[in-house]
Amino acid sequence: MNAAQALVGTLKLHGVDRVFCVPGESFLAVLDALHDEPAVEVISCRHEGGAGFMAVADAKLTRRAGVAFVSRGPGATNASIALHVANQDATPFVLFIGQVERKDRGRGAFQEVDYDKSLGGLCKGVWEVNKGEDLARVCAQAFALAESGVPGPVLVVLPEDMLLDPVTGSACKPLPRDTAAAPAEADLARAAKMLSAARRPLMILGSSLRQSDVNLAVKVSEAWGIPVAAGWKQQHLFPNRHPNYAGHLGYNIPAAHLDTLSPADLILAVGTRLGDVTTQGYQLPKAPKPEQPLIHVHPASDALNKLYQADLAIAADPGAFLSALAAHAPKPESNVARAEWLPQACGYAKDLMQWKGPVSAKDGLVFGAVIDELNRLLPEDAILTQDAGNFSGWIHRYFYFGGRQTLIAAVAGAMGIGVPAAVAAAMRYPNRKVVGFVGDGGALMTGNEIATARQFGARPLIIISDNSCFATIRQHQEKHFPGRVKATGLSNPDFVAYAKAFGAKAWLVDTPEKIEPVLREALAADTVAVVVVKTSLKHISAFSTLKD
């Protein structure tokens, strides 16, 4: 056995059934070893950024470390965007990078990079393995680190010649993880006492919760009479039509929305690190010392008391905490004092999410009309993936997640994840409808991964919002430098012809009458489908319009 074969065997023992890559000469020995291991599927992508995004999206869906292999130098730097996303999104990700031969290290050899110096700040750990005997063990350590505590990305650097070292050992089994336990009874009792004393509590849900925890969150909300707000890009964690849903704490929500929630006299934060967007610039709760009592529940102890001085910090599995808290629910009559607070906290979001048009403008369709139609057409277990950009605000504001639907997006705000994430999701769940949303900017960053979907039989629906503009930056220009537009206009291709060139089925939606029939046809397609929506630039976001 050589080191590459030991590595592949270790991947198998860790339950890795799929890896993403752009093949490179610096890890040919690994590709050769994967040739003989049918248990691990190799998805060859068209760009290392796309491969990394797919691995991160797959990790978000499986809750296990995603895996990608890229070659040295250019391959590694192309993939670095996925490291940044995994870091900010707290997503477990193991990236294997090829390296020059050991004899050439430190000589400025062809495509040589010191990855600890160049990428170490984006990762939880970096290993460069110089002895083949160490590779399987380091691989097991990398997975344990990526999946323990606050999850994140880990780099394993593979000198090309090391992969052929003969090894006497075998593949390594998974190492123990730092797993979150059930909450201590004393902490649970104190949390229940604090909640009982509060008249206006607010619960905020975050990404450490699983889709299977949604029903527990509903039980706690109903039993305790608590309004629930979803953290940044986590609105799938609570049914949006539930009367206790207090809305999405997203980027640039209206100030009035924050004003309706600020009177809370206790905040119960479950599964969230309480980052700057979710807290609206560290205002709800205020950092470092909140104005109201804070109960902070997170599976990783290192996420607690880092930015906030919590009155009660509980290192526990969020689902286990919710389950136990639901069992400690008070008698219904004790929630009478909250009868005024629930509609106050939830009413603004309810009104905000109601689609009231207009459907179109002189320069194109209003993207909210498409989202409104998808509320009626998407199945209850659909997976939505989302790129970054102003178009995404229409989804955040107007799509009603039902509790079984899943949202995959980059908290880090990286453009380019939408299409690769949709491809990865369609591979992971071929029997669920996957819809990927992307703007015209992101579509030309990683839209080439439609070719990967075609090659491997994935069937996502990609919806492109085409307004010929980097609209988010245009909006910032109008705010900070009004009338001085520069560099944000785009000259786009014919996206329908572009999609068809890959072998996808494609449609153009440029009038209101086409929205419903085209979406129905695209959702029923038996291959990759692309719907291009000619959207209005005047209606630049879900909350504002450009002046004439």
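**Helix α8**

I began with helix α8 (residues 214-224), where the buried residues are V214, L216, A217, V218, V220, S221 and W224; buried here means under 20% relative accessible area, exposed means over 50%, and partly exposed lies in between, with a 1.4 Å probe and protein chains only. Helices (H or I, at least four residues) and strands (E, at least two) are DSSP runs, numbered from the N terminus. I then looked up what covers these buried residues of α8, and the cover includes α7 (185-197), β7 (201-205), β8 (228-230) and α10 (318-327), where contact means heavy atoms within 4.5 Å. Just after α8, I noted that G225 has a positive phi of about 65 degrees.

I keep in mind that this is a predicted model, in which local features need pLDDT of at least 70 and side-chain atom pairs count only at pLDDT 80 or more, while totals for chains, interfaces and linings use all residues. Residues are numbered from 1 along each chain as its sequence is written, and side-chain values use heavy atoms, with hydrogens and water left out.

**The six-stranded sheet**

Next I traced an open sheet of six strands with parallel pairing, in the order β2-β1-β3-β4-β6-β5; two strands pair if DSSP finds at least two bridges between them. Its edge strands are β2 (41-44) and β5 (125-128), each of which pairs on one side only. From one strand to the next the twist averages 20 degrees, with axes taken as lines fitted to C-alpha atoms, for helices over the stretch in contact, and angles running from 0 to 180 degrees between N-to-C directions. Helix α6 (residues 135-147) packs on this sheet and touches β3 (66-70), β4 (93-99), β5 and β6 (153-159), its direction making about 165 degrees with that of β6.

I checked two of the pairings by bridge. Strand β1 (residues 18-21) runs parallel to β2 over four bridges, and C21 stands opposite S44 in β2. Five bridges join the parallel strands β3 and β4, and there F69 has F96 of β4 as its bridge partner.

**Strand β4 and the cores**

Why does β4 count as largely enclosed by the rest of the structure? Seven of its seven residues are buried, so the strand is largely enclosed. I also sorted them by face: F93, L95, I97 and Q99 lie on one side and V94, F96 and G98 on the other, all of them buried. In a regular strand the side chains alternate between the two faces of the sheet.

The largest nonpolar core has 58 residues, and those with the most contacts inside it are F20, F93, L95 and V530; such a core is a set of buried Ala, Val, Leu, Ile, Met, Phe, Trp, Tyr and Cys residues joined through side-chain atoms within 4.5 Å. Helix α14 (residues 418-428) gives the largest share of this core, eight residues. Leaving aside neighbours within four places in sequence, I found L95 in contact with A68, V70, A79, L83, V154, L155 and V156. Apart from this core lies another, of 36 residues, among them A369, A382, L461 and A529.

**Charged side chains**

I count 30 salt bridges, each being a side-chain nitrogen of Lys or Arg within 4 Å of a carboxyl oxygen of Asp or Glu. D17 and R428 form one of them, with their closest N and O atoms 2.9 Å apart. This pair links distant parts of the chain, since D17 is in the loop between α1 (3-13) and β1 and R428 is in helix α14, 411 residues apart. D17 is partly exposed at 31% relative accessible area, whereas R428 is buried at 17%. D17, D58, R64 and R428 are linked in a network of salt bridges.

For another pair I looked up D351 and K356, whose closest N and O atoms are 3.1 Å apart; D351 is partly exposed at 42% and K356 is exposed at 57%.

My last entry is E48, found in helix α3 (residues 48-62). E48 is buried yet has no salt bridge, and the nearest side chain of opposite charge, R72, is 11 Å away; Lys and Arg count as positive and Asp and Glu as negative, with His and the chain ends not counted. Not counting residues up to four places away in sequence, E48 touches V22, V70, G75, N78 and A79.
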